[in-house]
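Visitor: Could you walk me through a few places in this model? I'd like to ask as we go along.
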Amino acid sequence: YQGNKTIQIVKIPKSVKRIGRQAFKNCKNLEKVIFEDSSELEIIDKEAFYNCNYLIEMEIPSKINTIKNKTFSNCSSLKRINYGGSISQWARITFGGSSANPLSNGIAKLYINDVLQENITLEGIDKIGSYVFYNCDFIKTITIPSSVTSIGKDAFSDCKSLIIYCETSSKPRGWKKHWNSYETNYWGINENNFIEKDGIQYVIVNEKAVVTRYVGTSAYVEIPTTIEINGKTSRVTNIAEYAFSNCYYLTNITIPSSVTSIGYYAFSRCSSLTSIVIPNSVTSINCDAFSNCTQLKRVTFEPNSKLERIEAWVFSNCSSLTSIVIPNSIIWIEVSAFEDCTQLQSVTFEPNSKLKIIWGYAFNNCRALTTIALPSSVTSIEGYAFCKCTKLQEVTFESKSKLKYIGKGAFERSISSKMHKLKIKLFFKSPRYFLNVCRLIFFGLCTIFSIGLIFCIIYWKLYLDLAFLTMFGTVMILIVAIFLAIVICDRL
């Protein structure tokens with residue numbers, strides 16, 4: 001059937017044990033492959049479905065044990081794989097490479113008995129083959145039993161939001177070095193340190209409870225302050241990386257005051273989440289924690305916040321966020337923290353702000369932002385910090401501003417028509433700019449004058465004539481004037 005451009009559906013007889021090399025290669029209109037019940041198929045050869053880029057749905061019979069390399073390469077439309085065996089049987093299939101796995105295109109999902117395999121528990125196996133779950137972003141959790149002594153290359157690689165629970169206490173020697181990549185692993189999982197309650201999974205780490213993954217379907221979630229496992233109560237202190245990522249149905253969540261840390265991507269891509277309150281107990285919110293929450297409209301920090309940094313990409317692409325009040329405890333606003341918040345109109349800093357640095361691209365492409373008043377504590381605005389803020393018309397600084405540096409393109413494509421006026425205004429409004437220039441001129445003149453004086457003395461060229469005395473006096477007056485300017489500016 002290679003190159004057949006008319007075939008759309010293929011039904012393969014149960015007696016077929018092997019599909020040969022390039023059997024359906026370049027069948028560009030092929031949409032679905034099904035098998036008769038009780039199929040005897042065991043092997044699919046190299047490039048059998050290569051470049052079938054209209055293939056949407058594929059059945060994999062339970063007796064199959066080998067799928068060779070590039071079998072599903074360029075099958076970019078493949079969305080559903082219906083497997084006839086158990087999930088543990090799937091884990092034992094030998095794949096000849098990443099493109100041998102029909103799930104590897106990043107959009108295909110695995111179904112067994114019409115059930116999406118989001119939360120997987122493997123049982124009764126000692127080996128997991130290479131690439132078996134490669135690039136499977138749809139999988140939320142997987143539990144690997146202690147009986148597994150061998151895991152092949154990239155078995156779980158590029159599963160970007162996967163949480164892996166390992167019953168064994170450490171990585172066995174038989175597990176390949178690159179058995180996974182992005183995934184978060186918890187070792188030594190057992191009934192005394194793991195529990196699932198109301199759809200929330202917890203692991204006890206150092207006698208404290210960590211929220212590791214939400215596997216429920218409720219639109220509203222309330223995280224408790226404590227959790228009990230086998231009669232022992234532990235305080236919930238951490239929301240781990242990816243804990244609620246891709247929970248599209250989640251609209252509201254309550255975070256208790258016991259929580260001190262929110263992990264990487266913890267709520268990333270919660271596209272229905274509308275509001276969030278950050279308790280004042282939280283001391284760290286890691287990168288991308290709320291990125292791509294496109295319906296997030298309100299972010300509230302409780303009074304007396306202990307948070308010191310808004311990390312990189314934390315609120316990036318929160319395209320419905322309209323306003324934000326930055327706690328006075330914040331010292332740094334990191335790279336791209338609010339990038340692509342296209343509806344952000346108001347950024348307010350609490351009084352007595354400790355903010356020092358606004359890093360590059362922090363407010364890049366905040367197209368609705370019209371004005372911003374920066375605290376006097378700010379010392380540096382890094383490159384492209386307010387780039388593409390196309391409606392930004394006014395940037396004001398509190399009196400006694402400590403601003404020392406504005407990076408390249410900090411306001412590019414924002415207020416470019418008034419940029420020269422802004423720079424002049426900043427230069428005179430912030431004494432630190434003038435002070436630094438004075439210092440530079442002062443030390444430069446001192447250095448040049450000293451070198452010239454030494455040069456003259458060495459070569460006996462120093463003549464105390466009127467011209468020299470006039471020049472010497474003029475330079476000394478200039479140096480003293482600049483020195484006084486430095487002293488005055490330093491006291492401002």
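Visitor: Is Ser-38 buried or exposed?
Guide: Ser-38 is exposed because its relative accessible area is 58%, where exposed means over 50%, buried under 20% and partly exposed in between, with a 1.4 Å probe and protein chains only. Bear in mind that this is a predicted model, in which local features need pLDDT of at least 70, side-chain atom pairs count only at pLDDT 80 or more, and totals for chains, interfaces and linings use all residues. Residues are numbered from 1 along each chain as its sequence is written, and side-chain values use heavy atoms, with hydrogens and water left out.

Visitor: Where does Ser-38 lie, and what is its phi?
Guide: Ser-38 lies in the loop between β3 and β4 (43-44), strands here being DSSP runs of E with at least two residues, numbered from the N terminus. Ser-38 has a positive phi of about 60°, although it is not a glycine. Most residues other than glycine have a negative phi.

Visitor: And what about the phi of Asn-292?
Guide: Asn-292, which is not a glycine, has a positive phi of about 65°. Asn-292 sits in the loop between β26 (284-285) and β27 (298-301), and it counts as partly exposed because its relative accessibility is 24%.

Visitor: Switching to Asn-26, what does it touch?
Guide: Not counting residues up to four places away in sequence, Asn-26 touches Gly-3, Asn-4, Tyr-50, Asn-51 and Cys-52, a contact being heavy atoms within 4.5 Å. Asn-26 is placed in the loop between β2 (18-19) and β3 (32-35), and it is partly exposed, since its relative accessible area is 22%.

Visitor: How far is the C-alpha of Asn-26 from that of Glu-47?
Guide: Their C-alpha atoms are separated by 9.6 Å, the two residues being 21 apart along the chain.

Visitor: Which residues is Ser-73 in contact with?
Guide: Leaving aside neighbours within four places in sequence, Ser-73 contacts Phe-49, Tyr-50, Asn-51 and Ser-99. Ser-73 belongs to the loop between β6 (66-67) and β7 (80-83), and it counts as buried because its relative accessibility is 15%.

Visitor: Now a sheet: in what order do β11, β13, β15 and β16 run?
Guide: These 4 strands form an open sheet in the order β11-β13-β15-β16, with parallel pairing, where two strands pair if DSSP finds at least two bridges between them. The edge strands, each pairing on one side only, are β11 (119-121) and β16 (184-187).

Visitor: How many bridges join β11 and β13?
Guide: β11 and β13 (residues 141-144) pair in the parallel sense over 3 bridges, and the bridge partner of Asn-119 in β13 is Thr-141.
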